[in-house]
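Subject: Structure handover and findings

Dear colleague,

I am passing on the structure that you will find just below, and after it I set out what was found there. Please read the notes with the model open beside them.

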Amino acid sequence: MLELKSITKKFANKVVLNSVNLRLQRSQILFVLGRSGVGKSVLLKTIVGLIPQDRGEVWINGEKTDPLNEEKMVTVRQKCGLVFQMPALLDSLTLQENLEFGLEGNQKSGLRKYLDWVQLSEGVLSRYPSEVSFGTQKKVSVVRTLLREPQFILFDEPTTGLDPVSREVTNQMIRNVVKESETGCVVVSHDIQSAIELANSIMLLDEGRVVFEGTPEAFRNSDQGLIRSFCKGMVVLDA
Amino acid sequence: MPDLKELMGSIGNWFLFSKRVIGLFFREGISRKVLIQQMYQVGVRSMVTTCVAGIFVGAILAIQINLQLKDFGAQSFLGGLSTSTTIRNLGPVLIAFLLSGRVGAFSSAELGTMAITDQLNAIRCLGLNPLAVIIMPRLVALTISSFLLLVLGLGLTVFGGIIISSIYLNVNPLQFVSHIPQFVSGSSIFIGVLKSFLFGLIIGTISCFVGYKTTGGAEEVGRSVRRTAVVTLVSIIVIDFLVSFVVESVTQLIMS
Ligand SMILES: Nc1ncnc2c1ncn2[C@@H]1O[C@H](COP(=O)(O)OP(=O)(O)O)[C@@H](O)[C@H]1O
Ligand SMILES: [Mg+2]
């Protein structure tokens, strides 16, 4: 289980995360929603220790993490993968080299399957990141994390900037990884429709706090102002 | 004006960073392939700049020193004097200035971009240490390449001096070269090489440090490049002063 206990993070004098709690079992999907700049990316980076929290604790499978101990964080990051908001591929390496960077031999076996999941052809892998589309870069960065077969995966806006077809491919990929490997997924997104389709629970952040947490049904039926305006956005998208 | 405390803090952090990265180099070594690849990139990018700089620096100093010697009818010493001055004093500084603009700016922009686009964080998430796999090879390659380029540039200053002297100052090449051994002592060469090494180290460590520490948006990469340029230039001047000062003092000590 992945558990956050009252995580607080300040930058300069701005409180970005204010006592945020979160629980995620394996095989579950949690969608995290919130306006841009609310601290969603910071939250994910805190979980894997890229940004140490000021207060609060992160527990993974009953073990408390120590973000100041880089060596111990290596094992945490093996258990909990992060797919960044930007593709974050190394510009100087081909896509293939990016996928194999730091990979152990036995981890390469799943490559064909994962490429299938995101509908990438192997032919494209000899190119450099700058030579392929943003969507392809994002898919490669997803595969990079899938290959390591973590027990939890944190996706930071996996469908933002993608066309509707790629968005559906990405959603199906998330379903696959949950079904096949019992992976627990945290998905940061602006895509309410995907959230309602995929999520076991939805969490809404505003001004550093969790202002809603519950099932997709409860989310849809809530009369909280912010949730209504989020859902209105969805209706507009649907039209 | 950054306050003094902040400045001392930055210098301390730069020192710890350099110590850590250089420690990694001595502990873990570096793959020859990666080193050559990186050095090739730096070297090729800056070869022309360095050659042009070397030749012109040699020419400029020959003209300046000729002005002073002419009045004493001592032009035959031109080659010896200008070569000695160039190698131990102004040559390394001027060439290092150019290299810091070329090599240093490029490296801090490259690493800054990697930092703000989460490329370095992604490496951490793959269970690797970006200091070991990205920064260390670059820092070592930058330092070695800058050093070699500086030595190459210094060598070319002699050619610059010869060319300008024979076409403009009426000192023929043979005359120019004949007094070089007399003036250019082993210590001049040692000082030139020592400065080249220290300047290479400065360019390498500062550009990597500033690039690595970049946070925020794209405009921060620009700020890092500017910071690298300014800090490197000031550091080169300070180191130049310190080396000259120490060497002078030691010479005095030995003489007395
Ligand atoms: N390394 C950092 N240093 C200072 N401020 C930061 C840093 N990272 C993020 N922030 C700030 O934290 C806030 C939340 O950012 P982020 O998590 O990226 O938002 P989002 O919810 O859009 O992902 C923003 O105001 C951002 O400027
Ligand atoms: Mg974000």
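The largest pocket of this predicted model has a volume of about 1200 Å³. A pocket here is an open set of points on a 1 Å grid over the protein atoms alone, where a 1.4 Å probe fits, with protein on both sides within 12 Å along at least five of seven lines, and lining residues have an atom within 4 Å of a point; grid points are joined across faces, edges and corners, and the volume is the space filled by probe spheres set on the points. The largest pocket is lined by 37 residues, of which A:Leu50, B:Asn121, B:Arg124, B:Tyr212 and B:Thr215 are the closest to its centre.

Both chains take part in this lining: helix H1 (40–47) and helix H2 (70–79) of chain A each supply at least two residues, as do helix H1 (4–28), helix H3 (78–116), helix H4 (119–125), helix H5 (130–168) and helix H8 (186–212) of chain B. Helices (H or I, at least four residues) and strands (E, at least two) are DSSP runs, numbered from the N terminus. The largest share, five residues, comes from H1(B). By class, the lining of the largest pocket holds 18 nonpolar, 10 polar and nine charged residues, where Ala, Val, Leu, Ile, Met, Phe, Trp, Tyr, Cys and Pro count as nonpolar, Asp, Glu, Lys and Arg as charged, and the others, Gly among them, as polar.

The second largest pocket has a volume of about 950 Å³. Among its 28 lining residues, B:Ser10, B:Ile11, B:Trp14, B:Phe209 and B:Val231 are the closest to its centre, and the elements that give two or more residues to this lining are H1, H8 and helix H9 (218–255) of chain B. H1(B) gives the most here, with nine residues, and the lining of the second largest pocket is made up of 15 nonpolar, nine polar and four charged residues.

As for chain B itself, it has nine helices and zero strands, and its C-alpha trace spans about 70 × 40 × 35 Å along the principal axes.

Turning to ligand 1, the residues that surround it (those with a heavy atom within 4 Å) include A:Phe11, A:Lys14, A:Arg35, A:Gly37, A:Lys40 and A:Val42. H1(A) provides the largest share of this shell, three residues, and strand E2 (14–24) of chain A also supplies at least two. Taken alone, ligand 1 exposes 560 Å², of which the protein buries 62%, with accessible areas from the Shrake-Rupley method and a 1.4 Å probe.

Finally, on conventions: residues are numbered from 1 along each chain as its sequence is written, while chains are lettered from A and ligands numbered from 1 in the order in which they are written. Local features need pLDDT of at least 70 and side-chain atom pairs count only at pLDDT 80 or more, whereas totals for chains, interfaces and linings use all residues, and side-chain values use heavy atoms, with hydrogens and water left out.

With best wishes
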